[in-house]
Amino acid sequence: MKKNNSVPAGRRLVNLVRSNTVPIMFIVICAVFIPMSGFSPSYLLNEIVTRMGRNLFLVLCLLFPIMAGMGLNFAMTLGAMAAELAIIFTADWQIWGIPGVVLAMILSIPISILLGVMCGTLLNMAKGREMITSYIINFFTTGLYQLVVLYMMGPIIPIIHDSIKLPRGYGIRVTVSLLNMRQCLDDLWAIRIGGVKIPVLTFCLIGLLCLFIVWFRRTKLGQDMRAVGQDMDVARDAGIKVDRTRVLSIVMSTVFAGFGMVIYLQNIGNLPAYTGHSQIGMFCIAALLVGGASVEKATIGNAFLGVILFHLMFIVAPSAGAVITGDSMVGEYFRVFLSYGIITVALIMYEAKKRMVKSRAGQELAQAQKEEEDAQ
Amino acid sequence: MGNKTNGATLEKSRVRTLLEQYGLPRLIITGFLLLLFLMLPFVEGNVPLQLTNIINRFSWNAVLVLAMVPMIHSGCGLNFGLPLGIIAGLLGSTLSIQLGFKGGLSFVMAVVLATPFAVLLGGGYGALLNRIKGGEMMIATYVGFSAISFMCMMWLLLPYTSPTMVWGLSGTGLRPTISLTGFYDQALANILPIQIGKYFKVPTGALLAFVLLAFGMWAFLHTKTGTAMTAVGSNPTFARAAGINIDRMRMLSVILSTWLGAMGILIYQQGFGFIQLYNAPNNMTMPTVAAILIGGASVNKASIPNVIIGTILFQGMVTLTPTVMNSLIHMDMSETIRVIVSQGMILYALTRKTEGGK
């Protein structure tokens with residue numbers, strides 16, 4: 001076997017481009033679109049910093065299931081739903097500001113754990129097709145969530161204030177104002193540099209999660225998770241409780257998604273009670289993939305790069321589309337197309353690669369057998 | 001000696017396997033629907049109208065559900081890529097109107113025009129699915145999404161000019177909802193309709209169209225090619241040993257599914273009376289997948305009776321839940337119940353252990 005550094009520089013460049021096709025494609029798209037959109041650099045920078053604070057925590061929580069080999073966790077919305085329930089309660093009890101945010105995070109934990117255990121157990125029953133199953137779990141739980149929020153809140157679960165209830169007397173309003181909680185976390189230690197507001201506290205929280213992930217990879221559980229992700233049968237033979245490890249990775253992902261959603265909602269400043277979580281899953285997954293992650297491997301760097309590139313595209317695409325085609329709706333649809341398209345391409349590449357590896361392994365096996373026969 | 005007791009335990013286990021095959025969730029849904037049916041005369045005066053609604057909705061949706069069958073048979077799993085077929089159908093219907101066909105002829109032309117698109121899209125889709133065996137369902141979902149959002153742009157950009165379809169002010173870009181009055185609204189339903197009393201009406205033509213397609217499907221599955229297709233789905237290793245070209249069979253099944261999807265949406269449109277563009281195809285996939293599963297299909301097994309029973313049960317639920325629920329507890333929970341039931345059914349099918357289907 002040749003070592004990496006003996007590969008010629010040109011070859012290495014080709015390999016680099018090949019393994020980073022998606023981010024490079026997005027850099028090109030952004031480079032073309034930014035001048036067209038006509039936004040000022042300071043506006044773009046401000047937007048990007050805000051969106052990084054808003055989304056990074058959510059994107060990072062996707063790393064745990066990938067570590068355990070369970071692919072992209074489309075059911076991360078379960079954590080978002082748990083956070084939304086928690087926020088509804090804190091809003092009803094009129095606990096605002098930082099205490100409200102902290103209380104919402106604490107309240108979301110038990111709900112997240114419950115939903116996470118449910119999700120993990122179901123995924124253990126559907127090994128080999130975790131992604132589509134997690135995708136359906138997301139819809140199924142949305143139904144349960146609707147049942148609770150739209151019908152049970154009021155008659156069964158006491159809601160004190162009419163301001164967050166629908167006029168008919170039960171169920172939560174379509175949009176709940178969180179004005180008293182708006183950006184309280186972001187503003188606490190905010191620094192302004194040349195008109196760009198940097199929410200230091202939010203970034204500190206994100207940094208803490210990153211440190212946690214780095215530390216976690218080295219713990220026994222983290223190592224187990226990676227072993228399970230590599231090969232379930234080998235891990236089982238090595239004495240690792242495979243099912244339990246997988247459930248744990250989903251529970252961790254769900255709990256952190258709950259925290260992430262609280263951060264997200266305090267930044268937005270209102271709670272879209274029925275639609276808030278549905279977009280989250282798709283955008284976070286698309287962002288992670290744009291950053292160069294794949295279904296089986298994702299790093300913290302992928303998450304950072306992905307959020308920056310994806311949201312840059314998201315901001316500039318509508319106005320750039322309007323310039324190109326003369327119709328602002330086209331740009332709107334174009335960015336949706338890009339986010340779906342990127343997930344599709346990533347999934348196809350993952351499956352194709354999996355098959356290629358499998359067939360290569362088969363060929364090698366056949367080769368080895370043949371050689372053995374020849375030797376005899 | 002032990003034959004008698006053996007026979008008894010065999011009988012018992014047969015009942016149990018029958019129950020297991022039918023599945024608890026399916027049992028609950030069927031029971032729930034029977035309850036709704038039984039309660040209907042007490043809470044709602046107009047039973048004939050409700051029955052007509054169910055039959056109508058059956059005639060709109062049955063072909064879409066039938067489109068699931070070929071891909072399940074060839075082992076490609078549940079066809080979450082149904083939007084591709086729907087897009088072929090939408091291209092056919094909009095082109096037919098654009099070219100100026102009117103009345104019943106516009107329906108025939110829509111069928112004719114949709115077919116090449118369905119074959120083309122189905123062919124490409126089939127080639128893709130052959131490369132990613134094992135991950136069909138997830139990728140199908142996202143291929144559907146990508147295709148829908150791509151077509152969202154195309155509906156705005158393609159040079160359609162027919163004044164019935166484009167925005168009045170700018171003269172370009174298709175409207176989200178296009179009325180079919182004067183084109184093929186009720187084109188099939190009004191063939192030999194049976195009217196009994198004031199409210200009860202059977203859309204015979206639309207039902208006949210379904211029967212025709214379903215019979216064609218049944219007959220096809222019993223030909224040599226059809227049997228080969230089923231073999232590919234139930235046991236790929238055996239199929240390969242028997243000299244069947246697996247990729248070709250899968251490709252054929254995907255094209256068939258896509259074409260049936262296109263026909264399905266055209267028949268849906270003639271009953272519903274409108275063409276729905278842009279993000280509307282998104283809302284068709286999950287109910288359709290859920291319907292065939294409720295009817296007794298699994299991820300790798302489906303039959304024509306599954307289609308018929310599933311569509312009746314699902315559409316019955318959609319029609320009856322609002323009426324009965326509203327008059328009983330004065331809360332319209334039907335939408336939420338529909339989501340929970342249909343997604344729960346899909347989830348149940350996915351988490352069951354199936355031989356061969358990985």
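Trainee: How many helices and strands does chain B have?

Mentor: Please bear in mind that this is a predicted model. In chain B, both kinds of element are present: the strands number four, and the helices number 14.

Trainee: What is the radius of gyration of chain B, and why does it agree with a compact globule?

Mentor: Chain B contains 358 residues, and a compact globule with that number would have a radius of gyration near 21 Å. The C-alpha trace spans about 85 × 60 × 35 Å along its principal axes. The value for chain B agrees with the globule because it is 22 Å.

Trainee: What percentage of the residues in chain B is buried?

Mentor: A residue counts as buried when its relative accessible area is under 20%. Applied to the 358 residues of chain B, this gives a buried share of 54%.

Trainee: How far apart do the centres of the positive and negative side chains of chain B lie?

Mentor: Chain B carries 21 positive side chains and 9 negative ones. The distance between the centres of these two sets is 7 Å.

Trainee: Is helix α12 of chain B mostly covered or mostly uncovered?

Mentor: Helix α12(B) runs over residues 282–294. Its buried residues include M284(B), V289(B) and L293(B). Helix α12(B) is therefore, by the cut-off of under 20% relative accessible area for buried residues, mostly covered.

Trainee: Which residue just after α12(B) takes a positive phi?

Mentor: The phi angle in question is about 110°, and the residue that takes it is G296(B).

Notes. Residues are numbered from 1 along each chain as its sequence is written. Chains are lettered from A and ligands numbered from 1 in the order in which they are written. This is a predicted model: local features need pLDDT of at least 70, side-chain atom pairs count only at pLDDT 80 or more; totals for chains, interfaces and linings use all residues. Side-chain values use heavy atoms; hydrogens and water are left out. Helices (H or I, at least four residues) and strands (E, at least two) are DSSP runs, numbered from the N terminus. The radius of gyration is taken over C-alpha atoms; the globule rule is 2.2 Å times the number of residues to the power 0.38. Buried means under 20% relative accessible area, exposed over 50%, partly exposed in between (1.4 Å probe, protein chains only). Lys and Arg count as positive and Asp and Glu as negative; His and the chain ends are not counted. The place of a charge is taken as NZ of Lys, CZ of Arg, CG of Asp or CD of Glu.
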